[in-house]
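Subject: Handover of a structure with notes

Dear colleague,

Please find the structure below, as arranged. My notes on it follow directly after.

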Amino acid sequence: MSRYDEEAIEKFRLSGKILRETREEMRSFVREDMPIIEVCEKAEELIRRKGGKPAFPCNVSINEVAAHYTSPPNDGHRIPEKAIVKVDIGVHVDGYVTDTAFTVCFDPAYASMQAAAEHALNAAVDSIHSGMPTSKIGEIIEKSIRNRGFKPISNLTGHSVGRYLIHAGTSIPNVTQLSFTKVQAGEVYAIEPFVTMHDAIGRVEDGSDITIFRLVKAKSVKNPYARKLLEHIEDNFRTLPFAERWLKGIVPADQYRDAFNELYKSKVLMGYPVFIEASRKPVAQSEHTVLITENGCEVLT
Ligand code: MN
Ligand code: MN
């Protein structure tokens, strides 16, 4: 029935345990005026210290930025006062990926929006089970969010996860949607409602910042430093997302920019633009990874 054997499931469980512990330690770590890079490096260090590897760079997405910001090297940005901050982290153990996120709210005005994201996630976790249509999960999430006077982000979704895969093919919508896909026992899914204000557009669009990258397809490159970077990326991240912070010291500092640009321009690498709420309204997020069982689910994170 399941495509994962017991050994694989145990690796998912360990991955989730490392991630859960990291998330709980990070909740109280994040502060106003803190350099964003401190948050990213702390989360990634905790994951490694506990025996996992980051499945993607720690995302610290602020206010109207919904997702996909991580600190570039030497990031000078700090967490603004009264910010609403989404911290999204992932772990893999031998490739088995878990994914979780929480929101820290420094403006009491948005506390109920943050709570709406958590309630919607809990509602989905409480009702999900084998055979449930993904459209039904989207409906439950959307209703929960709207009942509290907020709006879901319609074009961000949860997703199945797999070995060395963060998006393994199935999407879990955050709104009512026509789909005949059903979640299956033994499969592992990340559920992640994103919530914004009721008068927002409720969609995200690409911003201009790109801070997270991944390998698309290795091909031969002329520049020997580009080749060295590529080897490091293949060996360490495969096709999982990475940050430029993770490439420090691989090639001489004065060769790095040209080498990286060659990989990017030749489409060996792709970048993920930051996602910004289209009407620039603040966004909250909550996320767990779950293993589906016949009658419900096991929350891994
Ligand atoms: Mn996530
Ligand atoms: Mn996710």
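Predicted model: local features only at pLDDT ≥ 70, side-chain atom pairs only at ≥ 80, totals over all residues.

Residues are numbered from 1 along each chain as its sequence is written, chains are lettered from A and ligands numbered from 1 in the order in which they are written, and side-chain values use heavy atoms, with hydrogens and water left out.

The chain as a whole

The chain holds six helices and 15 strands; helices (H or I, at least four residues) and strands (E, at least two) are DSSP runs, numbered from the N terminus. Its radius of gyration is 19 Å, close to the 19 Å that the globule rule gives for 301 residues, so the chain is as compact as a globular protein of that length. The radius is taken over C-alpha atoms, and the globule rule is 2.2 Å times the number of residues to the power 0.38. The C-alpha trace spans about 55 × 50 × 35 Å along its principal axes.

Of the 301 residues, 55% count as buried. Here buried means under 20% relative accessible area, exposed over 50%, and partly exposed in between (1.4 Å probe, protein chains only). The accessible surface of the chain comes to about 13300 Å², of which 48% belongs to carbon and sulfur atoms; such areas come from the Shrake-Rupley method with a 1.4 Å probe, and for residues only the protein chains shown count as cover.

Among contacts between residues at least 6 apart in sequence, 76% join residues at least 24 apart, a contact being heavy atoms within 4.5 Å. The chain has 38 positive and 41 negative side chains, and the centres of the two sets lie 3 Å apart. For this count Lys and Arg are positive and Asp and Glu negative, with His and the chain ends not counted; each charge is placed at NZ of Lys, CZ of Arg, CG of Asp or CD of Glu.

Donors are N, O and S atoms within 2.8 Å of the metal (3.2 Å for Na, K and Ca); water is not among the atoms, so sites may look incomplete. Aspartate 88 lies in strand β3 (residues 84-93) and aspartate 99 in strand β4 (residues 96-105), 11 residues apart. Aspartate 88 has a relative accessible area of 8% and is therefore buried; aspartate 99 is buried as well, at 3%.

The manganese ion (ligand 2) is coordinated by Asp99 (OD), His159 (NE2), Glu192 (OE) and Glu287 (OE), at 2.1 to 2.2 Å. Its donor residues follow the spacing D-x59-H-x32-E-x94-E. The two manganese ions are 3.1 Å apart, and aspartate 99 coordinates both. Glutamate 287 is in the loop between β13 (283-285) and β14 (288-292) while aspartate 99 is in strand β4, so this pair ties together parts that are 188 residues apart in sequence. Both of these residues, aspartate 99 and glutamate 287, are buried.

Single residues

Serine 144 is placed in helix α4 (residues 134-147) and counts as buried because its relative accessibility is 14%. Leaving out residues up to four places away in sequence, serine 144 touches His119, Ala120 and Ala123.

Histidine 129 sits in the loop between α3 (111-127) and α4 and is partly exposed, at 29% relative accessibility. Beyond its neighbours within four places in sequence, histidine 129 is in contact with residues including Val183, Ile292 and Glu294. Histidine 129 and serine 144 are 15 residues apart in sequence and 18 Å apart in space, C-alpha to C-alpha.

Two residues other than glycine have a positive phi. Asparagine 74, with phi near 60 degrees, lies in the loop between β2 (65-67) and β3 and is exposed at 68% relative accessibility. Tyrosine 164, with phi near 55 degrees, is in the loop between β6 (158-160) and β7 (171-172) and is buried at 17%.

With kind regards
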